[in-house]
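The report below works through surface patches, charged pairs, aromatic contacts and a few backbone details. Please keep the sequence and the model at hand while reading.

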Amino acid sequence: MSVTHSLSLQPSNHVDLPLEIAEIIASYLTARQKGTCLTVSKSWNRLFIPPQYSYICLRTRQQFERFYYHALQSNYLGYYVKYLCLEGVSMNDSELASLPSLCPYLTALSLEGNGIDLMKKSSALIGSAHFLPWSCIRQLKEGQDLIITSYLLASHSPSHLTSLSITFNKCFDTLQLVTKDIFLSSLNNLYQLINLSLDSIQLSVTDMEIIHNACPHLKILGLTNASLIPGTLNSLIQPAQLINTFKLKHCSGLFNNIEWLYYISSKYIYMEHLELWSDEVYQDMSPLKDEIEERSRALNHLIMKSVRLKSIQLFNICMDELLFQTMDDSNIELEHIGLGDMSDNTMNLLYALGESQQNVSSLTLWGWPSLCIPDTMEEMIEVVNSCSNQLTSFTFSMFYSGISCIPFSLKSVFENCFHLHYLQLDAVQPVTPTDYVMSNPHPLKHIVLKYGSFMNNMLNYLVQKCPSLSTLEIDTCTLVGHRRQEMALGIDMSRHRFDTIIINHLSPFYDPRTRLRTDIRYFRVLQSSKEEHIYELTGYEYYTDGISFDHLQRPLKQTRPTQYKLLDREQDNLHLSNHCLLLQCQAIRQLHLGGFWVI
């Protein structure tokens with residue numbers, strides 16, 4: 001069916017066509033056909049807005065003001081928004097009150113950042129008709145004030161919410177509309193919840209039972225920065241039959257009252273994915289032998305009861321090697337495992353994993369300080385290879401060890417883990433041999449570098465050794481070198497196609513003595529049979545990129561761009577300095593720079 005024939009009516013007849021119907025019609029059209037429809041008239045332009053407006057992520061007040069202004073002026077732009085994410089954006093009460101009418105068809109909403117000034121906000125706003133258009137929201141993530149959560153909990157009509165993630169205020173002197181008691185008493189209104197995540201909350205076993213009784217359809221339950229209140233375990237606990245994922249991240253009291261582990265083993269016997277992250281910090285004294293044995297018995301009991309386990313992550317938890325023997329005796333076959341108590345005991349656990357019957361395809365490992373001793377890192381990599389003969393995904397992090405940017409040999413990884421398709425390295429410096437002969441190409445397809453550093457030869461070695469590499473992610477990394485001529489950063493893959501390249505916060509490190517750092521803000525992109533494109537990241541602002549839970553490590557304060565520009569070398573009179581990244585390849589399907597999707 002041709003576009004001319006299917007859209008032969010007069011444009012004025014389509015003004016009142018529901019946007020959902022127009023979206024279905026547009027799904028049958030090509031990009032060129034939709035572009036033609038956009039130019040017919042204003043009413044047709046309204047119906048065929050490009051689909052990228054369905055997902056909006058705003059990270060600064062400046063971005064929000066631009067979006068808010070255009071949404072007010074167009075009267076229909078917000079109607080296309082299905083997912084709205086606001087990070088670090090503060091709003092006044094009138095802006096929040098008008099958002100539901102501007103974006104009435106939201107299915108997912110994420111509010112993270114400064115929130116609303118409750119002292120200046122009108123109390124009539126809460127629970128008012130302003131939020132009626134958002135009654136059908138399916139996913140909500142909210143921190144700070146919990147205004148939307150308060151409305152959904154107080155609504156007289158049942159909520160359609162299936163996923164909820166909220167953060168309670170840690171400061172007791174800060175007014176919050178939703179407290180733990182209010183949340184638990186009103187939770188029956190969120191009967192359809194499937195995914196629930198709670199941050200910064202005190203919970204007892206009784207509170208957990210209230211949650212499960214109010215939300216019988218829960219499949220995923222996550223607790224972060226939670227304080228587990230000691231209590232007596234009820235012997236009549238009914239298993240949660242639908243829960244398949246339970247996450248307990250950086251929680252206090254997990255081992256002060258060992259009954260919590262027995263509660264987890266009795267309540268979640270059908271779970272397939274388990275994460276336990278303790279907040280214990282071992283400085284001058286490690287746990288006593290009797291304490292470790294008691295924990296080991298509780299963990300072993302948990303494993304024996306959870307016979308459906310496919311993935312388990314145990315971080316910052318002292319344990320012994322008997323855990324893997326229990327898995328084998330219970331006929332558990334893991335697909336993914338995460339280990340790391342940030343001590344030398346982690347190496348013993350790796351040896352025990354290799355001797356067990358487990359043959360995981362994915363491994364996450366937290367490093368420990370003694371890995372900076374010569375040859376220890378290479379030994380660890382060899383042990384990782386012995387853990388499984390089908391390891392396709394490996395994530396290694398030194399982020400929480402207190403030591404960053406220690407050398408990590410890519411050559412050792414490729415020689416020992418020759419089935420890897422995914423590799424993520426956090427807070428290390430990947431190093432390569434100075435002179436190497438390429439043989440036996442590695443099948444790596446996806447590599448992620450975060451919070452670390454690297455030299456130019458690492459990228460050159462990587463692209464030659466891994467011809468199947470299709471995804472490259474660089475986040476908060478530093479390019480190191482001793483001379484300016486070493487700093488010309490470039491990725492030359494003239495005959496290679498990339499699916500995705502993501503670069504966020506990359507800075508050159510010129511002088512190790514002065515530690516002079518300047519963000520790379522210019523990017524030259526060269527693709528075969530296409531003209532050169534030069535992108536500039538502008539409007540930088542300071543922000544703090546912390547981790548998702550409390551930790552002794554200081555958060556990283558850095559800068560990020562609020563917008564980008566496509567430059568013309570002649571018109572803009574460009575004289576690009578060494579602070580420019582050259583990306584040269586045959587083709588790039590997606591290119592993300594500084595958080596922006598530029599290609």
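In which helix does Ile21 lie? Ile21 lies in helix H2, which spans residues 19–27.

## Basis of the model

This is a predicted model, in which local features need pLDDT of at least 70 and side-chain atom pairs count only at pLDDT 80 or more, while totals for chains, interfaces and linings use all residues. Residues are numbered from 1 along each chain as its sequence is written, and side-chain values use heavy atoms, with hydrogens and water left out.

Helices (H or I, at least four residues) and strands (E, at least two) are DSSP runs, numbered from the N terminus. Buried means under 20% relative accessible area, exposed means over 50%, and partly exposed lies in between, with a 1.4 Å probe and protein chains only. Accessible areas come from the Shrake-Rupley method with a 1.4 Å probe, and for residues only the protein chains shown count as cover.

## Surface patches

Patches are made of residues with over 30% relative accessible area and no salt bridge, where like charges are joined within 9 Å and nonpolar side chains (Val, Leu, Ile, Met, Phe, Trp, Tyr) within 5 Å. Ile21, Ile24, Ile25 and Tyr28 make a nonpolar surface patch of about 410 Å². Ile21 counts as partly exposed because its relative accessible area is 38%.

A negative surface patch is formed by Glu259, Asp290, Glu291, Glu293 and Glu294. Helix H11 (residues 289–305) gives the largest share of the negative patch, 4 residues. Glu291 is found in helix H11, and it counts as partly exposed because its relative accessibility is 36%.

## Salt bridges

A salt bridge is a side-chain nitrogen of Lys or Arg within 4 Å of a carboxyl oxygen of Asp or Glu, and by this rule the count comes to 7 salt bridges. Arg61 forms one of them with Glu65, with the closest N and O atoms 3.0 Å apart. Both residues lie in helix H5, 4 residues apart, about one turn of the helix. Arg61 is partly exposed at a relative accessible area of 28%, and Glu65 is likewise partly exposed, at 43%. Arg61, Glu65 and Glu95 are linked in a network of salt bridges.

The side chains of Lys267 and Glu209 meet in a salt bridge at 3.1 Å, N to O. This pair links distant parts of the chain, with Lys267 in helix H10 (residues 259–267) and Glu209 in helix H9 (residues 205–214), 58 residues apart. Both Lys267 and Glu209 are buried. In the salt bridge between Arg524 and Glu532, the closest N and O atoms are 2.7 Å apart; Arg524 is partly exposed at 24% relative accessible area, and Glu532 is partly exposed at 30%.

## Aromatic pairs

Rings of Phe, Tyr and Trp (its six-membered ring) pair if their centres lie within 6.5 Å, and planes under 30 degrees apart count as stacked, over 60 as edge-to-face and the rest as tilted. The structure holds 20 aromatic pairs. Phe64 and Tyr68 form a stacked pair, 5.6 Å centre to centre with 25° between the planes. Both lie in helix H5 (residues 61–74), 4 residues apart, about one turn of the helix. Phe64 is buried at 1% relative accessibility, and Tyr68 is buried at 15%.

Phe131 and Tyr151 form a tilted pair, 5.5 Å centre to centre with 40° between the planes. The pair links distant parts of the chain, with Phe131 in the loop between strand S5 (115–116) and strand S6 (139–142) and Tyr151 in helix H7 (residues 147–154), 20 residues apart. Phe131 is buried at 0% relative accessibility, and Tyr151 is buried at 5%. One aromatic cluster is formed by Trp277, Phe315, Trp366, Phe399, Tyr400 and Tyr451.

## Backbone details

Met342 has a positive phi of about 60° although it is not a glycine, and it is found in the loop between strand S15 (336–340) and helix H13 (345–355). Asp375, also a residue other than glycine, has a positive phi near 75°. Asp375 is found in the loop between strand S16 (362–366) and helix H14 (376–387), and it is exposed, with a relative accessible area of 59%.

Methods:
Lys and Arg count as positive and Asp and Glu as negative; His and the chain ends are not counted. The place of a charge is taken as NZ of Lys, CZ of Arg, CG of Asp or CD of Glu.
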